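Let's take a walk through this structure together. Have the sequence and the 3D view open side by side, and follow along one stop at a time.

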Amino acid sequence: MSEYGVGVVDLSHGLENVPVFVGCSGFDQFQYSPENTEGPGCSVDLSEITLPGCSCLSTSCSPDSCSCLRTHGQHYSSTGTLLNLSGTDGDYCAPVFECNALCCCSDVCSNRVVQRGLRLRLEVCRTIHKGWGVRTLQPIPHGTFVCEYAGEVISFKEARRRQQAQKYEDNNYIIAVREHAGKGHIIETFVDPTMIGNVGRFLNHSCLPCLAMVPVRVHSAVPRLALFAGRDIESQEELTFDYSGGFRNQPPVELVSTQTDAAEAVHRKVCRCGATNCARFLPLDLSILS
């Protein structure tokens, strides 16, 4: 018996602000980490503060004066709890730049959200057709930060090596995020929570998800892959996001050519999300395999 009840344990082992509930065992062992860690090929010290801070002396920053907010279009509400996702249907969400340790504003600034960590009561549970999943134990308002998709930050070369080594029955946790930085420059981030990760590694794909992934930068230029509620979510509802990076009310993004050969097709897995717009197969980014 634990402090959370008979047979219920905290998956995070006290590393999160609130326990991550799990009532049964059976998943592959991994090391829990609330944030990203440096993996093979990562050339950046994730603990180093590389982004400049603002000079705001107020308790909470304003988009009119804060350098962290003024040059970037997407930011939180004045209460510091909600992110405006109204313009993200079917698109990749614009990045967010939070205030960091070099900023002069207070620790309660409304532009400090993801860095405060997990605040919601979540449970890792068994699903009927999809293995493990995550559900919320409380209602979540639209725009609320839910959790990170945290793991090892690895290089493209290491991501390709790991994915090529996978068997069909293995779970593929690697997420590749590509951001367009202007003039044809693309920033790539590869996160793999297979061996080191957080509750986000248990989130299932859906072609009609309730969460949207947003790259959020705090202290480092390496983004934290934050998941926000794309709509109001009810208690006990399963939490899902689109592995291809798309979002609500649009056809799923097809990342694989329709003329895939047998070697490529063996990597495809059937999607069991049950959405009316289901693409039938889980998204697969073949650029990592090539």
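Start at Phe202, which counts as buried with a relative accessibility of 4% (buried means under 20% relative accessible area, exposed over 50% and partly exposed in between, using a 1.4 Å probe and protein chains only). Before going on, a word on what you're looking at: this is a predicted model, where local features need pLDDT of at least 70, side-chain atom pairs count only at pLDDT 80 or more, and totals for chains, interfaces and linings use all residues. Residues are numbered from 1 along each chain as its sequence is written, and side-chain values use heavy atoms, with hydrogens and water left out.

Trp132 belongs to strand β7, while Phe202 is in the loop between β11 and β12 (204-205), so the pair ties together parts that are 70 residues apart in sequence. (Strands here are DSSP runs of E, at least two residues; helices are runs of H or I, at least four residues; both are numbered from the N terminus.) Trp132 is buried too, with a relative accessible area of 12%.

Phe30 counts as buried at 15% relative accessibility, and Tyr32 counts as buried at 7%.

Now look for Arg201. It lies over the face of Phe30, 4.0 Å from the ring centre, and its charged end also sits over the ring of Phe202, 5.0 Å from that ring's centre. The rule for a charge over a ring is NZ of Lys or CZ of Arg within 6 Å of the ring centre and within 35 degrees of the ring normal.

Contact here means heavy atoms within 4.5 Å. Glu16 lies in the loop between β1 (9-10) and β2 (21-22). Strands of a sheet pair through backbone hydrogen bonds, either parallel or antiparallel, and two strands count as paired if DSSP finds at least two bridges between them. Trp132's strand, β7, sits in an open, mixed sheet of four strands in the order β1-β2-β6-β7. The edge strands are β1 and β7, each pairing on one side only. β7 (residues 132-136) is mostly covered, with four of its five residues buried. Its antiparallel pairing with β6 (residues 122-126) runs over five bridges; Val124 has Val134 as its bridge partner, and Glu123 stands opposite Arg135. The two strands form a hairpin with five residues between them, and Gly131 in the turn has a positive phi of about 75 degrees.

A second open sheet, again of four strands with mixed pairing, has the order β5-β13-β14-β8. Here β5 (96-97) and β8 (145-148) stand at the edges with a single partner strand each, so one side of each is left without a neighbour in the sheet. Three bridges join β8 to the antiparallel β14 (residues 224-229), with Phe145 opposite Phe228.

Two further pairings involve β9 (residues 151-154). With β4 (residues 37-38) it runs parallel, joined by two bridges, and Thr37 stands opposite Glu152. With β11 (residues 186-197), β9 pairs in the antiparallel sense over four bridges, and there Ile154 faces Phe190 as its opposite number.

Finish at Thr240, in strand β15 (residues 240-241). Thr240 is buried, with a relative accessible area of 7%. Neighbours within four places in sequence aside, its contacts are Asn204, His205, Ser206, Pro209, Cys210 and Leu211.
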